[in-house]
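Welcome! Please take a look at the structure below and keep it open while you try the exercises.

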Amino acid sequence: MTRTIHTLCGLITALLLTASCISSEETTTILQYNDAAIVSFSLGNLKQHNDDGTTTNIAGSTYKFHIDQSNRRIYNTDSLPYGTDKSRVTCTATTLNNGVIVIKNTDDSDVTLYSSTDSIDFTTEREFIVYSSSMARNSVYTVEINVHQEDVDKFSWTQKNSSSEISALANINVVLAGGWPFVFGENNGQTVGYATSDGNNWQPIDFGQVLQADAWQNAVARNDTLFILNGNSLLSSADGQQWQTVNSASNPSRLIGASTAELYGQDAAGALSVSRDGGLSWLSEQYDEQDAEYLGQLPTENIALATTKAAMADSTDYVLMVGSRSAISYPNDTIAMVWRKITDYSRYGQRGQWVYMERTDNNAKALPLLGNTQLLSYADGIMAFGRTGNGSLSAMYQTRDGGITWRKITTYSLPTGLDGAKPFAAASKGADIWLVVGGDIWHGRLPRLSE
């Protein structure tokens, strides 16, 4: 009864306000309709509370609301920023043919007459009841305001459960496939592997054969297919559990990386090779110059590859390779060797050639020489880190111009307190970075990259 009384009072008030606008000297016919529908909905200005204690004004009208007339639901598909205050919100709801809206209270069955100037608490879903101007019909809409539950522009690390099995590995390599990391490493003179589906629990991988001690460094992923080179035998797997031998006529000495459509290898002399058919056949790579001095800049140690989509072309990858030359033959090297390749994997695309990104004496932003270099394609650039000369982990470096210049960054810094003397490796895809240091597992994430 209480709800009915409040509803009628609100509706009568609305009708009286309408009638009061008509002069007593005028004769007006008021049309009444049976339509009970909300046809538009928008928000007023909002407040966003930031982590540093400051407040930002948000124009709520820029966020479009969808009205599902079939299910009587109103909601925004593009979530409001993290920290938006939903407890005091003004909104504009327009009805069809002068319907009247009341809002059901959250703590009882009473209703309140809707006004576009009144603040409404949207911390929970609210029921908007619209009555037709004829009072013959009504419709109940559920209104929900969606707000990001995490700061989409804030990168953060989460530490997962440590793994005693992974901590026992002498060397490690991390590869991402199917959205989860696979860890390969050396233990007691052979390569072993571990898989996870949550980052906390790890299961051993059964390769169906014993892998050589150095096979761990020859593990890569092309799209979501895993490859690992075991001596002269190339294995592949779609899930990390069932492994098949790739029947290739010949294989490179090392498997060093992959792009969308290509696998990359290197022979014992340092020359690069490429496969565009999943390892069935291999071709010698092409370079923009062929002289011995130029090819002498190819890295042979601490090699890492990363691939990004070319910004101005479809079905095209930008592949970056960094590494170092032999420390014995080139003891004075202090800067990494950086090479790039643009490869078109469309139906009639060219496989491209490798180009050395020549160093100059005035390039103060070159990538320094790093041990166990890790290269990550992430966010708006490519990042690199590794082991410094004193054995600690380096700062994170980023290039945003395809490998020409590298700058130290703090936006995606490594977790603090890591022991650079332990084996470490990292891999990235989309919004995720997986980092393994000894048996410690870290997951880094920038939420906006997953949208």
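The exercises below each come with a worked solution.

This is a predicted model, in which local features need pLDDT of at least 70, side-chain atom pairs count only at pLDDT 80 or more, and totals for chains, interfaces and linings use all residues. Residues are numbered from 1 along each chain as its sequence is written, and side-chain values use heavy atoms, with hydrogens and water left out.

**Exercise 1.** Find out where pLDDT stays under 50.

Solution. Start with the term: pLDDT is the predictor's confidence in each residue, from 0 to 100. The protein chain averages 91, and 92% of the residues score at least 70. Next, look at residues 1-5, where pLDDT stays under 50 and the model has five contacts (heavy atoms within 4.5 Å) beyond four places in sequence. Then go to residues 16-24: pLDDT stays under 50 here too, with two such contacts.

**Exercise 2.** Work out how the rings of Tyr294 and Trp339 are arranged, and which parts they tie together.

Solution. First, the rule: rings of Phe, Tyr and Trp (its six-membered ring) pair if their centres lie within 6.5 Å; planes under 30 degrees apart count as stacked, over 60 as edge-to-face and the rest as tilted. The rule gives 17 aromatic pairs. For Tyr294 and Trp339, the centres are 5.2 Å apart and the planes stand at 75°, so this pair is edge-to-face. Now place the residues, using DSSP runs numbered from the N terminus (helices: H or I, at least four residues; strands: E, at least two). Tyr294 belongs to helix H3 (residues 292-295) and Trp339 to strand E26 (residues 337-344), so the pair ties together parts 45 residues apart in sequence.

**Exercise 3.** Describe the sheet that has the order E24-E25-E26-E27.

Solution. Begin with pairing: two strands pair if DSSP finds at least two bridges between them. The sheet is open, with four strands in antiparallel pairing. Strands E24 (301-309) and E27 (354-356) stand at the edges with a single partner strand each, so one side of each is left without a neighbour in the sheet. Inside the sheet, E25 (residues 316-324) and E26 pair over eight bridges. Val319 stands opposite Lys341 in E26.

**Exercise 4.** Trace the partners of strand E34 (residues 440-445).

Solution. Strand E11 (residues 156-159) pairs with E34 in the antiparallel sense over four bridges, and Trp157 has Gly444 as its bridge partner. Strand E33 (residues 432-437) also runs antiparallel to E34, joined by six bridges. Finally, look at the turn: E33 and E34 form a hairpin with two residues between them, and Gly438 there has a positive phi of about 60°.
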